[in-house]
Amino acid sequence: MQQHTDDKEIIALVLQGNHAAYARLVDRYRNYVFALVLRYVPQQENAEELAQDVFVKAYKVLATYRGDCRFSTWLYTIVHTTCLSALRRKPYNTTLPGDDVLTRLHESVYHDAPGRQTDDKYRKIILKQAMNELTDADAQVLELYYMAMQSVEEIARITDNTTTNVKVRLYRARGRLKEIIETRYRAELMNE
Amino acid sequence: MTQKQMEKNKQNGVLYFDILPKADKMNQQQHIEDQLWAYIDGLGTDAERASVANRLQTDAQWQHIYGQLMLFNDSLLQNLQPAETSSTFTRGVMNQIAPIPAVATPASKKRIPVVMKGIAAFFVVSLLALMLYTLSQINWGSMAILPASPTPQLLTKLHGTSILNTILCAAGAIVLLLYAEIWLRHKRTPAA
């Protein structure tokens, strides 16, 4: 609630002509927007560029923010429309490393240092690969919860859903992800 | 199975879960997992959380499932870390918005509705004046019965007022164009 009030104060300052105040909003939400953009464009560099475009677009239409919802919810709409437009204009490479890359990574880890635990980077790639096998809705709720650090209530607002539905979807998504990992990547991710 | 039988099994150390048919076991496990996830996420009422906490102290099955879920949740928290942008991200955004003119202030937003109201008022007043003038020109005493359609007589009266018609048409066209412009602008900007 406090943050919501602070956001409205910052926005009022920007609308009064205090250009520099916008930097505070950018700092506050940059990682959140970045996490959302990564859903559409997995490559870091392209995603960062798109995330910046989101903030530029948000600045241009800041006067249309009425304050009746959280700023993060309003931003989410801009992320969605900006990313879809960008993908239509210039289809980014949205595929993750294929199995051959994973195999090479896996081999390099075990050849270079036998007995060593799986590399963190490799573990992250496995998890991303497993999440890629989920439905869009399941992946979205996990990313909003773990990567964008949104609460269940905020996710419900962003996805225009009820809190109960979001809770159930979160539980089911975790269950399905767990099943995928246990089927394919059990030893690496469960530290067994 | 009756309540009495369940109690007996419990006393004999037989876990209810173990003697259920497979489909029921799956539902039971799902039910336990849902409650445990709510507990791990800090959701649910105080009574629900207290009930789960109590189960975790007394029920081995619940402890086992809880351990599995906690391990998995920790793995997700570790490997699905919040996405982070580069240190130059905010500066990049501010550089891009620097040449953009100041966003619309609340005062400039009010200008359009005032203009719209002015033109709409002119149009309404003109229309009322025309109607009053037309009605005043009709000789009510000379008509024994109402004509089948008053329109031809009105049109005859209006024949000499071509200048007034032109002005009214022009005003109507301006009003329509302005409304269209506002509607299109509203459609282009994201909903707040």
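A salt bridge is taken here as a side-chain nitrogen of Lys or Arg within 4 Å of a carboxyl oxygen of Asp or Glu. The model is predicted, so local features require pLDDT of at least 70 and side-chain atom pairs count only at pLDDT 80 or more, while totals for chains, interfaces and linings use all residues. Residues are numbered from 1 along each chain as its sequence is written, chains are lettered from A and ligands numbered from 1 in the order in which they are written, and side-chain values use heavy atoms, with hydrogens and water left out.

Under this rule, 9 salt bridges are found over all chains. Asp138(A), Arg169(A) and Arg176(A) are joined in a network of such bridges. In another pair, the side chains of Asp7(A) and Arg28(A) form a salt bridge with an N to O distance of 2.5 Å. Asp7(A) belongs to helix α1 (residues 2–15) of chain A and Arg28(A) to helix α2 (residues 22–40) of chain A, so the pair ties together parts that are 21 residues apart in sequence. Helices (H or I, at least four residues) are DSSP runs, numbered from the N terminus. Asp7(A) is buried, at 1% relative accessibility, and Arg28(A) is partly exposed, at 31%; buried means under 20% relative accessible area, exposed over 50%, and partly exposed in between (1.4 Å probe, protein chains only).

Glu182(A) and Lys178(A) also form a salt bridge, their closest N and O atoms being 3.8 Å apart. Both residues lie in helix α9 of chain A, 4 residues apart, about one turn of the helix. An α-helix has 3.6 residues a turn, so residues three or four places apart point the same way. Glu182(A) is partly exposed at 31% relative accessibility, whereas Lys178(A) is buried at 13%.

The contact between the chains (heavy atoms within 4.5 Å) takes 51 residues from chain A and 43 residues from chain B. Together the two chains bury about 4400 Å², 66% of it on carbon and sulfur atoms; this buried area is the accessible area (1.4 Å probe) lost when two parts are put together, summed over both. The interface of chain B and chain A holds 2 salt bridges. Arg174(A) pairs with Asp41(B) at 2.5 Å, N to O. Asp34(B) pairs with Arg172(A) at 2.9 Å, N to O. This second pair crosses between chains, from helix α2 of chain B to helix α9 (residues 163–184) of chain A. Arg172(A) is partly exposed, with a relative accessible area of 26%.

Lys124(A), in helix α6 (residues 120–132) of chain A, is partly exposed at 29% relative accessibility. Apart from neighbours within four places in sequence, Lys124(A) is in contact with Gln78(B), Asn79(B) and Gln81(B).

Note on methods
Helix = DSSP H or I, 4+ residues; strand = E, 2+ residues; numbered from the N terminus.
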